[in-house]
Amino acid sequence: MNNFKQTALLILFLGMMLSSSAQTKDTLEEFFYTSGKIKMVIAVIGIVLVGLFVFLIYLDRKVSRLEKHSKKH
Amino acid sequence: MMMNNWLKLACIGLLGYVLVFSLYVPLVPGGLHVDTEKIRPGVNEFVFTGYNTHFLSERKSLQVLIMSGNTTYCGEVVSVSDNAHVSTRVVLPDTLPSTTITFFVNNDVDGTLSVFSAIDMSSFVFAEGYKKGSCEMAVSNNEHIGFGFPFQHKLYEGIRNLMFHVPMWFTMFFLMIMSFAYGMKCLRGTKNNNVVVQFDNTDISHNEKLLRFDRKSADYAKVGLVFCMLGLITGSIWARFTWGDWWTSDPQLNGALAVFIAYSAYLILRSSTLDPEKRARLSAIYNIFAFVMMVILLMIMPRFYDSMHPGKGGNPAFNSYDLDSSLRAVFYPAVIGWILLGYWIYALKNRISNLTHKCHEQL
């Protein structure tokens, strides 16, 4: 159940990111070019964190499967 | 295999330092742009825009001049609205020595800033008989005061990505080298399958030891692939807002994608073979191919072709021109910190694989 929630949150977050990037080219550039392109750095750090968290969730699910398995035996 | 607690602490400390300093250290002052598209003989007025500059607080020592060829023309500071904008008036003659023009601003704190831009200069005559500019900059210091990351045109704050995008590849390299090493270890001892050996202070069969090497090799490759993917995505974002496109046909980019695909194929190959011993040998052999491909595509090829990546196109990646000492102070800890994090994730992954293996044995 917990994993389901995490996955749902993640999909929601990705959807939000996608919909915000689905703007026209100019507004996208305008958004990222403000204040010396610092927003690009934030996006890069965000991607790294999201990627590592997704992998963490994957590992988390593996461990809970193992736990379930060890309870059965 | 458990990871040493000191290493975990070092990883957290290093990455904390990197996160704070890579975002906290300011950029050094630089010239952004000049708001004019055309300059003509006679009086020109324009606004020079700077970045992280101190025009207002250093109003007294502020100087503006224009340089064309080897002669300079003095600008007169009209007004300074804030620290980043200075309005200037400059009187230019009919004849200039060169078709290019550079704008300079100097003050005691920011040093000398320049903007070189493609400006319409069609109303000038370019000839030898130009009137020499009589302007001399009374420069007390050419260099800015204070510590900061270098200011580079088009890159701006994006230079901070160096601490996040580049170490992804270093980490991937580390993990793939380890994967290769364990693949080799696995291949080296495929004989004498039933000899009992000591491993981690327990007696296990030789065969079981090989399978452990195989699991290590696979886990290193899997975590390495995660870092490869992160490197590709972050690189794509960086490229979009610096070079102007999500993907460019740069040898470094295409090579990285090919490596990603090669290692994805490694995982597919593994999942297609059910017999564990056969899988261990097959994937170790394929690992050699993928590893050699990675070295060729990411280390050797980009040096022979022109690349937009700095330090490529005939040069080694690390040369003294690319990395400023302020960047080094954060970049090296970043590389070590990210590699430690990659190893930590691998160690977790490997413990889980070993447990899964044990569970399957009990069935």
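Two residues are taken to be in contact if their C-beta atoms, placed from the backbone, lie within 7 Å. The model is a predicted one, in which local features need pLDDT of at least 70 and side-chain atom pairs count only at pLDDT 80 or more, while totals for chains, interfaces and linings use all residues. Residues are numbered from 1 along each chain as its sequence is written, and chains are lettered from A and ligands numbered from 1 in the order in which they are written.

Between the chains, 20 residues of chain A are in contact with 24 residues of chain B. Helix α3 (residues 38-72) of chain A supplies the largest share of chain A's side, 16 residues (helices are DSSP runs of H or I, at least four residues, and strands runs of E, at least two, numbered from the N terminus).

Within chain B, an open sheet of 7 strands runs in the order β1-β2-β5-β4-β3-β7-β8, with antiparallel pairing; two strands pair if DSSP finds at least two bridges between them. At the edges stand β1 (30-34) and β8 (111-116) of chain B, each with a single partner strand, so one side of each has no neighbour in the sheet. Inside this arrangement, β3 (residues 63-68) and β7 (residues 102-107) of chain B pair in the antiparallel sense over 5 bridges, and Met67(B) stands opposite Thr102(B) in β7(B).

Turning to the helices of chain B, residues of α3(B) that meet α5(B) include Leu210(B), Leu211(B) and Ala218(B), and those on the α5(B) side include Pro276(B), Ala280(B) and Ala284(B).
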